[in-house]
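Here is a short report on one protein chain. Look at the fold first, then read on.

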Amino acid sequence: MLGRGLSRISRAAARQKRIPARPTLPLLNVKDRPRVQQEAKPIVEPVYLSLTPSLKRARHDPPADTRVAALEPTVFRHPMRRDILHLCVVHYRDSLRQGSANTKTRGEVRGSGRKIRRQKGTGKARLGDAQSPMLRGGGVAFGPKPRDFSTKLPRKVIEMGMRVALSSKLKESKLGVMMRLYWPNGKTKFLARKIDQLGLRKTLFITGHLHEGLEQAIRNIPMVKLITAEEANVYEILKWDRVVLDLKAVEYFEEKLKKENVPTVPLALLASEAPVVTGTTPSLSA
């Protein structure tokens, strides 16, 4: 009996060793580790750009040489990303392809399905009907059919492409800002003379509000183009040598492309003076 009792005790002790130990509760007087404080993001200063003289100055507009435009740095001072520009340009040009090329297969070519000659006994190659791709006037094997060449691109990638395109034009001193894009009538001759006087040939004008007189007058002037801010894209901005925006177009781009998680200095769009002017108006001599 004593041996059986000892064996039971030894088996119970061995079983107890195999059971994992229960986790111990943390002590109540243990203090938590202090949280690591993240460094505050630096405040980004705006981009100052001197104004370009307007095509037609309004009565209450200040002179262009007395004002500078304070641009949003998250939109007009974005790091250069050539890969993003390439994706946006390819995406836009894919959408321009018509994809209307079409050829007829042997089943779509009009004609009889009679066999041209018998299979054997003539010494010639075997042939089927006259619509064979091997014969002149027959169908096309593996020819093109109508298709959609457009591709998809995330919205955030397109928005980044717009920031990079605008920032690249500003960095190259080929971006200008006007008070307004306005012309009182539809006369092309006088508007062309004014554009030559300002040296703004080969320029893309982007406006936030399309004026009927300016649209009619600029339509027949070569080497210039007028579009709205909603129609602007990366391809058009990179294609033209210069880009000129009005204040409404700047407000539109800043509202659509601004990054909310980056602290910036709040300033009005127009200022009387700037500490440092990081850009200039487009060259008037070119």
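Which helices each supply at least two residues of the lining of the largest pocket?

## Pocket

They are α3 (82–96), α4 (155–171), α7 (234–239) and α8 (247–257). The model is predicted: local features need pLDDT of at least 70, side-chain atom pairs count only at pLDDT 80 or more, and totals for chains, interfaces and linings use all residues. Residues are numbered from 1 along each chain as its sequence is written, and side-chain values use heavy atoms, without hydrogens and water.

The largest pocket has a volume of about 310 Å³. Of its 17 lining residues, Ile158, Glu159, Met162, Ala232 and Asn233 are the closest to its centre. A pocket is an open set of points on a 1 Å grid where a 1.4 Å probe fits, with protein on both sides within 12 Å along at least five of seven lines; lining residues have an atom within 4 Å of a point. The volume is the space filled by probe spheres set on the points.

## Fold

The chain has eight helices and seven strands. These are DSSP runs: H or I over at least four residues for helices, E over at least two for strands. Of the 286 residues, 33% count as buried, meaning under 20% relative accessible area with a 1.4 Å probe, protein chains only.

## Cores

The largest nonpolar core holds 36 residues; Leu71, Phe76, Val177, Ile206, Leu245 and Phe253 touch the most other members. Such a core is a set of buried Ala, Val, Leu, Ile, Met, Phe, Trp, Tyr and Cys residues joined through side-chain atoms within 4.5 Å. Apart from it lies another core, of 17 residues, including Met178 and Val224.

Key: Buried < 20%, exposed > 50% of the residue type's maximum accessible area, 1.4 Å probe, protein only.
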